[in-house]
Amino acid sequence: MNRKLVIKPITTADFNERAQIDLVDFQSVPDGKFKWILNYQDHATKFVILRPLESKRATEVANELLSILLTFGAPKILQSDNGREFVNSVINELKDLWPECVIVHGRPRHPQSQGSIERSNQDIEHMLRAWMADNKSKKWSVGLNFVQFQKNSSFHRTIGRSPYKALFGNDPKIGLSTSNLPSDLLKKLTTEEDLEHISQIKEIKKRSIACSICKVDVDLPLSEIAENNEIICQLCDSSKKIQIQRELGHEGQSIAAEKMIKGNNKKTDDFEINQCVIFGVPKVDRGPTDPPNIICVITEQKKKGLHKLGTKYGLLKGWFSSECLKKSTTQFLTTDQVDKNVEFSVREMIKKISGGQGFLSCSCKAKNPCQSSRCACFKNNMQCNSRCHNQSSCKNK
């Protein structure tokens, strides 16, 4: 079965052309008053900014966005998979707070462009889960700052560099830790005078000369003036480096878009009985700190590429297509190790594996405003999320 063709992947040439926002539901693992994560990503540089939220109300989201936009500037297009109604309300709140700012909303649920922030959400959940485990802490609102820095500092395959370098033109610095000074000397430094003493700064003869771009006078060593025909000040040089990095990043996006188009006609893998596979758990069936995959083995097969999956705890209810499976490089499990007398739904299985963190959602109808114990979210003191329903009559948002 061929996958559906993606007609036109979206690429963005420069910073603040298009930004994406998404809300990650952490209601099942609240950190005090914080139950949501705001993920703001620039589409061109992939630079992300993360903020913990108490709720997903448009007023709170707009206040956090205002802080971000007044630091980095506002994008032309603001896009979210939370629905056009949500984005409209956020933009209206922003206009009340900042009347001079004019932003249009992007097309909602547009897989060619929204897939980028969906992958970012997954990375954030994985990295946050690892940070909580390493630090033996449930304070994910604190870990969010470290995850943001790590994600922006890491190499991004699509743009071919880190988001930090795509935005600022250079790799991030961590104080003197990223300098060439020996580690034993770094431990002794406490003041600027100590740094000058260790660096043994010598007086160098300089000459004032105008920058060839901005025409501002720059004090440069005579040796540098003799070597360079074109004199460029540090700020202009940084601007050139940033522009080069963003152009290279855009080239990376264009290459990735071409690969996406070519790969859409690729057929899915063929699987056999007793083959070990990796099943990707849908987000609706797992919490933010649950594992995203389940190791399974194929126990039965039907025509049209449907498979029965077994785990070390028992069988998974239902039949699963080849498109949601990946081949495992190691045979972790065989059909003989599966208890075929026990069946669990995907959600029950992921709870069994993770120890019960789980994920809650409701499917209330329009006549039910989600304010009674019949609503699973309301009963568990949680707000309804975008995976529950799209009804406007819901009072639990």
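The exercises below, with worked solutions, concern cysteines and aromatic rings in a predicted model.

**Exercise 1.** Classify Cys324 and Cys370 as buried, partly exposed or exposed.

Solution. Buried means under 20% relative accessible area and exposed means over 50%. Cys324 has 28% relative accessibility, so Cys324 is partly exposed. Cys370 has 0%, so Cys370 is buried.

**Exercise 2.** Describe the ring pair of Phe47 and Phe72, and say which parts of the chain the pair ties together.

Solution. The count of aromatic pairs is 6. In the pair of Phe47 and Phe72, the ring centres are 5.8 Å apart and the planes stand at 50°, so the pair is tilted. Phe47 lies in the loop between strand 2 (36–42) and strand 3 (48–53), whereas Phe72 lies in helix 1 (residues 58–72); the pair therefore ties together parts 25 residues apart in sequence. Phe47 is buried at 8% relative accessibility, while Phe72 is partly exposed at 27%.

**Exercise 3.** Do likewise for Tyr164 and Phe168, and name the cluster they belong to.

Solution. The ring centres of Tyr164 and Phe168 lie 4.7 Å apart with planes at 50°, so this pair is tilted. Both residues are in helix 5 (residues 163–168), 4 residues apart, which means a separation of about one helical turn. Tyr164 is partly exposed at 22%, and Phe168 is partly exposed at 32%. Phe47, Phe72, Tyr164 and Phe168 form one aromatic cluster.

Definitions and conventions
Residues numbered from 1 in each chain as written. Predicted model: local features only at pLDDT ≥ 70, side-chain atom pairs only at ≥ 80, totals over all residues. Heavy atoms only, no water. Buried < 20%, exposed > 50% of the residue type's maximum accessible area, 1.4 Å probe, protein only. Phe/Tyr/Trp six-rings, centres within 6.5 Å; stacked < 30°, edge-to-face > 60°. Helix = DSSP H or I, 4+ residues; strand = E, 2+ residues; numbered from the N terminus.
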